[in-house]
Amino acid sequence: MSLLRIENLHMAIHGFPVLKGVSLAVGVGEVLGVIGESGSGKSMTAFSVMQLLPEGAVCTGRILLDGRDVLDEDEAALCRMRGRDVGMVFQEPMTALNPLKNIGAQVAETVQIHARVGKAEAWARAREALARAELPEERFPMSRFPHELSGGQRQRVVIAMAIALRPKLLIADEPTTALDVTTQAQILALLARLAREDGMGLLLITHDLAVVAGMADRIAIMKNGEVVEEGPVSLLQAGLQHPYSQALLAASTHQPERDGGEDGDVILKAEGVIRDYSGKRHLWGRAAPFRAVDQVSFTIRRGESLGLVGESGCGKSTLTRALLGLEPIQGGAITFRGQPVHPAMGNEMRAGMQVVFQDPYGSFNPRWRVEKLVSEPFHLMPEQPQNARDRVAEALEAVGLTSADMEKYIHEFSGGQRQRIAIARALITRPDLIVLDEAVSALDVSVRAQVLDLLADLSDRLGLTYLFISHDLNVVRAITDRVMVMQRGRIVEEGPTDQVFTHPSHDYTRQLLTAAPKLPEGAAA
Amino acid sequence: MKGRVSLWLGLGLTLVFALAAAVSFLWVPQDVTQLAIANKMKPPSLAHLLGTDHLGRDILSMIMVGARTSIAVALVAVGIGMGLGVPLGLTAAAHRGGWLDEIIMRGNDLVFAFPSLIIAILITAVFGPSALNAIIAIGIFNIPVFARVTRGAALSLWTRDWIMAARVAGKGKARISVEHILPNVLNLLIVQGTIQFSLGILAEAGLSYVGLGAQPPTPSWGRMLAESQTMISLAPHMAIFPGLAILLTVLGLNLMGDGLRDWLDPRLRRAR
Amino acid sequence: MLRYVTKRFLSLCVALVVASAVIFTLVEVVPGDPASFMLGINAQEDTLAALREELGLNGSLLSRYLDWVGGMVRGDFGTSYTYRTDVAGMIADRMQVSLPLALYALALSTLIAFPAGIWAAARRGRVGDVAVMGATQLGLAVPNFWFAMLMVLVFAIKLRWFPAGGFAGWEKGLWPGLKSLTLPAIALALPQAAILTRVMRSALIDALGEDYIRTARAKGLTRGQALRRHALRNALIPVLTIIGMQFSFLLAGAIIIENVFFLPGLGRLVFQSISARDLIVVESVVMLLVFAVIVVNFAVDLAYALVDPRLRTRE
Amino acid sequence: MTYRKFLAASALALIASGAWAKTDIIVGMQLEPPHLDPTSAAAGAIDSVLYSNVFEGLTRFASDGSIVAGLAKSWDISEDGLTYTFHLNEGVKFHDGTDMNAEDVKFSLDRARAADSQNAQKALFAGIASVDVVDPATVKVTLSAPNGAFLFNMAWGDAVIVAPESIENIKQAPVGTGAFKFANWVQGDRIELAKNDGYWGTPAKLDAVTFKFISDPTAAFAAVMAEDVNVFAGFPAPENLAQFGADPRFLVLVGSTEGETILSTNNKMPPFDNVKVREALAHAINRQEIIDGAMFGYGTPIGTHFAPHNPDYVDLAAQSAYDPELSKKLLAEAGFPDGFKTTLKLPPPSYARRGGEIIAAQLRAVGIETEISNLEWAQWLEEVFKGKDYGLTIVSHTEPADINIYARPEYYFQYDSAAFQGLMADLNNATDPAKRSEILKAAQKMIADDYVNGYLFQLAALSVANAKVKGLWTNAPTQATDLTAVYWEE
């Protein structure tokens, strides 16, 4: 008998249908991976089980937990169920904890809500739960506050809260999406172990096929509020049936076709670059200065695609800003086409390098039309070109949009289209170097594949030089000729991409590669 | 939904008084400079819809002309606050963390620390009471409000990627502030402007109440209230109608501000 | 820590010096001679000169400024021109009215605003919420001096529950004093309560939208429990800021209400001193008020640290 | 208050409602004294509290304005009118227990006329050549020139007798000889007086007096209505009096004051230097409308600068009767057929503010545009009185018998007439009552003929009292709230 059985679940928010007849089942001790792109309804399915839906949501169908229909329960019964029978882990550990309460109190609260026990007993059980989530009290006293913990540690606190009462079912909604790749591996391992030890059912929701490939018993693929395919995880190798599933898998392993970069002359050169931040001011004074970039040296040659990988906080974004001449450096030198790069450099220098940012939703002034957005870098020209409109149209067409899109506002475009507009904006001054700062990280896999194709195509056609910055090893591997690995402000390894990925020389590189979730060998559409 | 109701209600109330002020330029039931002592303190009647005051003037006409004073004072005070506060806030945000930011914000704190009513009284003691000086007194204290709101909103905008893109496009801080920041804080400024407008009307009434606002014979709601206070039990209409005028105008502006906030807030709009 | 305090103290001193200069200039440019105000229209020139000499009005601006600032540093606020008494003593007397009045009004506004704000936030969008928000809109729109007048008409003249004004003094006991401050405190508290209710509500609604509330709900807390245990304290920071601002405002901003109820408070002291050109009193009281605001702001900053562990230090 | 006193007081209060009358009173008034020395400030509020209650002079004003004996029980005047010999009452003690004798009189008068004197009415003492102590009960004052008004001058609050022993703290703790002694002052709120048991004259009937200061007219109305005060002396809102009058709990007292309320005109500023313009101004003004509109009917129209209740008063109101047509004609003759613009600067009292609005409307009707600015007293003194920077202003001259100000060319309305100055010199030298009366009448006529100022109305003394309070002054010949004879009716 299934622990959780969802039958023909329909859910609409203010009359707008979100789920259209979802049916799923999780058995005792089973791990079900639910995969889907944004808008597929995978998270809403999870919240339907908890009945923690946004205002105006109406569910029909059946959600049977241990044989009882959640949709028939009143609020009091639901409160008894949540946290005791079903635990939940969320995507964003940085905000999932109350900043004003220490972690002990927050975990103990789960116990106190459900079990009529004294404070000491509740804290004892919280201690135990934290220990099981690998936050032993000796190293992580329960009096710690959330802000004193890293993202991965906070996620462990959330997990401890969810499993404190050993629920029958644990729902994990993208539990590792916000985490670095090494932390992700640890958290996934922890979840797998807890499910195994307690015989919990685990409903693991993710956008990443590779994440479920390693730990799910069965998988379900969702699209537009429907389950398009469900079956054992072995389907990944055995062959997915539904065309969407196949396309998803193909996109996840996509390798854009590109010619190898030829060796041109050096256009950007960094020598011993140092970037210090004066300590942050806080209530009781100023923290010690922080060295974000430490003695970094490298070169980029014309026509080449250079990758820069590293986990969050390693200094790659800081380095990017220094390379673009937006912030001063405290040591070393950066030269672009033989001339020094610094915040006061001339427009002609700036016109030579452009940038594409990560967030397709935050990269554009929402009040400007596309024509104005794309043509903004013309500001760098001594004078506005005569054929400005034609050049905007040309750039838009180059990235697969039409000239008619010039008249639109940015909110009329999807995430992938926005990223194309960002690329068009970067192309408009015909720069020598384009810096791609996590340019595809926020995109769904299928869109990401298309944008990567576009980038490969553009570099082949226009002979562009890329500096490709990402935390995602798979992406870097797909698009770069050479790669640098950055850790704590330093470049720890550098070399041709294939060589670094197949024969890493530095421990850290090896760690990264091991931690990255991988699709099983032979997974193919 | 609720936002819509308060927006329309607020807009309606505000328009009524704005219209009354506009009409008063062309026509009022009775000239407010004409006194008719024999006809004083008459309760509302067909001849005088809202009655007459202690000098026999028509209260409806007084309220209509008084609306001009209130609106003009509050509007110009908001203008002063915006005109100086917004550039200051933009500058501070553009130089966030720098000495300029520090000076502007400390200056703001200092103005905030001063007791506004006392300073207003001092200003009128220096320059003599008049509508203009009331405007200055109210306007000065609007400056830090707008500076803070602008800076706060601008700070979060400065971290956006599109600002970075503009910097990559070689644009300077001033240019980015005007082209990118200002249009995107405008919503907030409009909402804050409505609120300051309503506070300005209350402040003008308060100043006039203590005799520091517009001077006779220019009618002013606050002075009408002040003059009628001793007669409130003799001729309650004299105090009630100007009081209601203030109350309804301020209410209208506040409702409009609330409604505008809900309507302009993209977060709330998306949820709708 | 020490460095922070020193820095904070220095910036506080700079602020006070700038404030004192601004106040002094503003007050000294006020036209009108205190001596001729005191002696009236039949005074003779030699009499006026004698009085000016005694009041110390003949010195240069700079020396008078330095005398004033120097005196304040030593705790001597000077001698009132008109009353001819110690300004510090006068301020202390008036504080016996102004301080309790401000605290009383603040207590009332908090007592109204907390339950009303919480209640409205918990019922967001429903009838109760709309009613509370409507009431706060009214509270914001009513000119408080006018509301005060209506209260006097009803509660003092018609019903005789409270005195129409004046201050009974504390020497007769707590109740007569409180009684005479009740109507003014209500008049002062009304708009403040409206503001505070709105801040409380919106801060709570913001807090209720946070992820950690969802986490708490997933633990099995009811809506109410999540609000009380998690949202409330997080909502307190903006509320504290407003309470701090309101306190300093109430201390100085009661001039009109003090006039309506003829209370011998600080506000009326300044008002009368300005018209009597008792400049030293004006300067000293305004300086004191500015000082109070700065100190209250500092206290609010410290209170943040009590509420929010992120602001406490661990290093 | 000790516990026992408290018991006694409550017992008293209980009985008061029965057989015995109340013996304490709360008097409201608008202005609070800045300090409590009547001899070194112009503030009328000081006299309102202390005159005759706490401090007394050699002579004093009676309620009808006549001059009667005060601390001096009698006096002799020399033939040439230069020497006044005052015979003091015996056994008079200051509140601190020290004796009041001729030395104190000499001290007080010498202090007031000294070079460094801070007396606001120093002119009152200007004619004194010397003050000599004859014996402890007799003092001789020698004048440098005869002064018919000397006894009148000595009755002013600025001429009360103070003691050298207590002069140091007089501003905070006044020590006088009156029927009440100063007890307590809560600044900003109230002043308390207590009965002086050792008073030399008729003892006061009240045991305790509290003066409460309520500046806001609305608050004053509320305080009276709520019976927070028993008497309000100088009630600031005439519009409320009808209501009090209709209420059996209250009694409204309407009396006369020495306050000639005038539209002061800057006689040196064109076009007011033209007598035709001033005459036009006079005819443009409708006095009755001002009295009705600004004072709600309280006030007596005047046609010159003189109090109507004074036996020497000449009614000249008809000479400047309201006649806008005549006014326009006069303006045209003076060369202003289309009128002109001027300023109208108004001090704080409501007679000025309301009256100003009405006068502005009346002047507008004949073509004179006025720009009104409302000033505080300090500003008014600076700009108008001292700076003479004004066209028109409204003010009530409350000093008694002050027609002599027209003899001062530097005075703020800048009337410079040798003829009038001569009249005043004659008046000073005249001691014969008939002669003085004749001169005074001529003086009134002269300033009316010259239309120096617009003469509006005599300010009324308006007070409200609990109907059971008896013995209050109705008229206000000087700024005083004499409570020495006040008692509660049973």
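**Where chain D meets chain B**

Modeller: Across the interface of chain D and chain B, the rule finds one salt bridge, meaning a side-chain nitrogen of Lys or Arg within 4 Å of a carboxyl oxygen of Asp or Glu. The partners are Arg57(B) and Glu357(D), with 2.7 Å from N to O. A quick word on the ground rules: this is a predicted model, where local features need pLDDT of at least 70, side-chain atom pairs count only at pLDDT 80 or more, and totals for chains, interfaces and linings use all residues. Residues are numbered from 1 along each chain as its sequence is written, chains are lettered from A and ligands numbered from 1 in the order in which they are written, and side-chain values use heavy atoms, leaving out hydrogens and water.

Back at the interface, the rule also finds three residue pairs in polar contact, both residues at pLDDT 80 or more (a pair of N or O atoms within 3.5 Å; within protein, one must be able to donate a hydrogen and the other to accept it, and residues adjacent in sequence count only if both atoms are side-chain atoms). On the chain D side, the elements giving two or more residues are α5 (217-225), α8 (287-295), α10 (350-365) and β15 (369-374); helices (H or I, at least four residues) and strands (E, at least two) are DSSP runs, numbered from the N terminus. Of these, α10(D) gives the most, with five residues.

As for the overall extent, 21 residues of chain D and 22 residues of chain B take part in the contact (heavy atoms within 4.5 Å). Together the two chains bury about 1900 Å², 55% of it on carbon and sulfur atoms; buried area is the accessible area (1.4 Å probe) that two parts lose on being put together, summed over both.
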